[in-house]
Amino acid sequence: MKILVTIKRTPHRDARMRIAADGKSLDTADVPFEINPFDEIAVEEALRVKEAGQAEEVVVVTVGIEAARDQLLAALAMGADRAILISTDAVAQDEPLDSLQIAKTLAAVIQSEKPGLVIMGKLAIDDENWQIAPMVAELAGWPQAAFASKLEVADDGKTARVTREVDAGLEQVELTLPALITTDLRINEPRYASLPGIMKAKRKPLEVISLEEFGPLSEMGGIGESRVHTVSYQALPPKEKGILVDSAAELAAILKERKLV
Amino acid sequence: MTTQDVLVIVGPTASTLRKIDTAAIGFGKRAAALLSGEFDLLLLGPLAAEAAPQFIPFGVRKIYTLDHADLADYTAEAYTGAVVHFAKEKNYRFLSCTATSASRDFFPRVAARMDIPMASDVLEIDQMNGDQAQLIRAVFVGNLLATVSISGPQVLATCRASKFEASTEGITSKSPIEAIELASALACADKKFISITEQASDRPDLTEAEVIVSGGRGTRGTEGFQILEQLADQLDAAIGCTRAVVDSGWMPNEMQVGQTGKNVAPKLYFAVAISGAIQHLAGMRSSKTVVAINKDPEAPIFEIADLGLVADMFEAVPQLVKALHAEN
């Protein structure tokens with residue numbers, strides 16, 4: 001079985017994002033980028049399935065600018081076998097693709113790669129849209145199990161049992177493969193790339209395909225126009241400074257006085 | 001031809017009217033007001049018909065209920081099929097629901113099947129007309145707000161439950177209820193629901209509670225949560241926690257407040273022995289009053305707290321329980 005993992009290049013999780021002077025974009029000049037943390041967990045999960053002998057190949061794919069090569073290399077250094085960059089300048093031209101456009105592109109990658117399992121992060125920490133994975137599953141006509149905290153692929157490779165973290169608790173579902181899952185935080189802790197892993201990554205195949213020239217996508221009808229645009233960013237309204245109290249008794253008195261209890 | 005009408009979807013429907021339901025109605029009303037359109041409700045699942053009368057006082061144009069054997073256990077595939085079956089010929093301008101673990105699972109599938117652009121976790125609708133909608137969302141772990149413009153005749157959107165409310169005040173019209181029949185299969189043959197583990201609790205749900213008592217790593221587990229439960233008992237509060245607490249196995253995942261857990265905005269939020277990582281703040285910063293108790297005066301939680309107490313929770317919380325008890 002082949003596993004396809006999608007990754008997104010996102011600003012580092014600890015980076016403080018600043019709004020650019022135009023108010024419409026973000027100042028990313030000094031911001032380091034990394035693999036979206038949830039996607040890194042997805043890469044790790046795919047590697048574990050392969051190491052358990054239930055998959056032969058882990059392919060990572062991203063849709064983005066040339067610089068996203070760095071994140072593909074990071075995934076290859078972790079142990080993925082092969083990488084695909086569907087390159088587009090749309091992001092750089094300030095016209096980022098919307099979720100459905102990216103989902104359609106990834107559905108075309110599925111069409112050409114024919115994986116048995118697709119693993120994606122449950123959300124991207126930059127735009128927090130929580131959208132693309134279910135869209136991809138729908139476009140592929142596949143079952144999905146989102147927010148997985150446990151994945152067990154059956155020995156015959158035909159089914160997978162997934163535990164999902166949902167609002168009410170933990171849900172268990174069984175999927176007949178091919179299927180798509182999205183990873184939650186508790187499914188694993190991603191490994192660090194080893195030095196030999198980083199050296200090897202540079203020799204692993206990394207295919208760059210222009211979005212405009214990606215055959216399977218045009219056969220599926222292309223991606224159309226972007227219909228979702230960020231028109232401006234705003235800082236959070238300032239929060240009034242709170243007060244420090246000296247004791248639990250004082251705290252109780254204030255809560256009571258403000259009629260909060 | 002698209003109408004200027006709004007459809008709000010509730011699913012799976014519960015037997016009681018929840019905060020997530022009234023938020024969905026409030027969100028739909030806001031959209032309908034901007035569009036000068038009408039507003040319908042679609043209740044999905046085995047409890048839809050039973051729950052429907054509770055939605056009558058909100059004065060929507062019509063309440064539709066849709067139940068089907070394949071909706072008995074929740075799956076994204078079947079719920080997607082039900083929504084699309086109902087909505088595909090109706091040309092609603094705006095289709096919406098509250099962001100929950102279910103809608104985050106099935107609503108993007110609806111968007112893909114119907115080829116309609118989508119906005120998630122909307123905090124406010126800025127403006128809306130025939131082919132343009134401007135919606136405000138939180139991005140970057142709640143540290144920034146983004147105004148997003150969506151073009152086209154139809155939009156799908158989910159809202160944050162903490163940001164919308166609906167009232168029944170002054171509404172005299174009574175919404176008719178219609179049950180939708182659906183014969184064709186909805187379930188995906190390649191997915192089987194097996195079980196759901198829910199922990200029974202006498203406490204209010206996190207997303208329903210007016211008061212929440214949350215604990216972090218500094219609770220040291222059961223020892224600290226036993227103390228927090230005394231405070232929660234006194235205030236009829238829900239118990240919440242941080243990611244670290246769930247990761248340590250001290251509390252189940254459904255108690256987690258934060259970016260990847262629940263988003264809450266109670267009247268009163270106690271953050272006890274919680275340092276205040278941005279991922280936690282993202283889930284509770286809209287709370288009306290935040291009380292922080294932490295022995296580290298440098299803890300970031302104090303930056304967003306309305307009331308702060310620098311103290312060891314193992315001393316301060318029992319004292320607080322006593323003081324509240326004495327004064328009540």
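Helix α3 of chain B and helix α4 of chain B make a right-handed crossing, meaning that the near helix is turned clockwise from the far one by less than a right angle. Helices (H or I, at least four residues) and strands (E, at least two) are DSSP runs, numbered from the N terminus.

This is a predicted model, where local features need pLDDT of at least 70 and side-chain atom pairs count only at pLDDT 80 or more, while totals for chains, interfaces and linings use all residues. Residues count from 1 along each chain as its sequence is written, with chains lettered from A and ligands numbered from 1 in the order in which they are written.

### Exercise 1
Work out at what angle the axes of α3(B) and α4(B) cross, and which residues meet.

**Step 1.** Locate the helices: α3(B) covers residues 76–87 and α4(B) covers residues 103–114. Their axes come within 9 Å and cross at roughly 50 degrees. Axes here are lines fitted to C-alpha atoms, for helices over the stretch in contact, and angles run from 0 to 180 degrees between N-to-C directions.

**Step 2.** That angle makes α3(B) oblique to α4(B). Under 35 degrees would be roughly parallel, over 145 roughly antiparallel and 65 to 115 roughly perpendicular, with the rest oblique.

**Step 3.** Now the contacts (C-beta atoms, placed from the backbone, within 7 Å). From α3(B) come B:A76, B:Y79, B:T80, B:V83 and B:V84, and they meet B:D105, B:F106, B:R109, B:V110, B:R113 and B:M114 of α4(B).

**Step 4.** Sort them, and you get seven nonpolar, one polar and three charged. Ala, Val, Leu, Ile, Met, Phe, Trp, Tyr, Cys and Pro count as nonpolar, Asp, Glu, Lys and Arg as charged, and the others, Gly among them, as polar.

### Exercise 2
Find which strands stand at the edges of the ten-stranded open sheet, and why they count as edges.

**Step 1.** Read off the order: β13(A)-β7(A)-β6(A)-β1(A)-β8(A)-β12(A)-β9(A)-β10(A)-β11(A)-β10(B), with mixed pairing. Strands pair if DSSP finds at least two bridges between them.

**Step 2.** The edges are β13(A) (206–210) and β10(B): each has a single partner strand, so one side of each lacks a neighbour in the sheet. Ignoring direction, neighbouring strands are turned by 30 degrees against each other on average.

**Step 3.** β11(A) (residues 169–176) runs antiparallel to β10(B) (residues 191–197), with six bridges joining them. A:E171 has B:I196 as its bridge partner in β10(B). A:E171 is also the bridge partner of A:R164, where β10(A) (residues 159–166) and β11(A) pair antiparallel over eight bridges.

### Exercise 3
Say how many residues of each chain are in contact with the other.

**Step 1.** Count 68 residues of chain B against 61 of chain A.

**Step 2.** The chain B side divides into 32 nonpolar, 18 polar and 18 charged.

**Step 3.** Another link between the chains is a parallel pairing of β15(A) and β15(B) (residues 307–310), over three bridges. There, A:L244 has B:G308 as its bridge partner.

### Exercise 4
Decide whether A:D27 is buried or exposed.

**Step 1.** A:D27 has 12 C-beta neighbours inside 10 Å, so it counts as exposed. The cut-offs are 20 or more other C-beta atoms within 10 Å for buried, 12 or fewer for exposed, and partly exposed in between, with C-beta atoms placed from the backbone.

**Step 2.** Leaving out residues up to four places away in sequence, A:D27 touches A:R18, A:I19 and A:A20.

Key: Contact = placed C-beta atoms within 7 Å.
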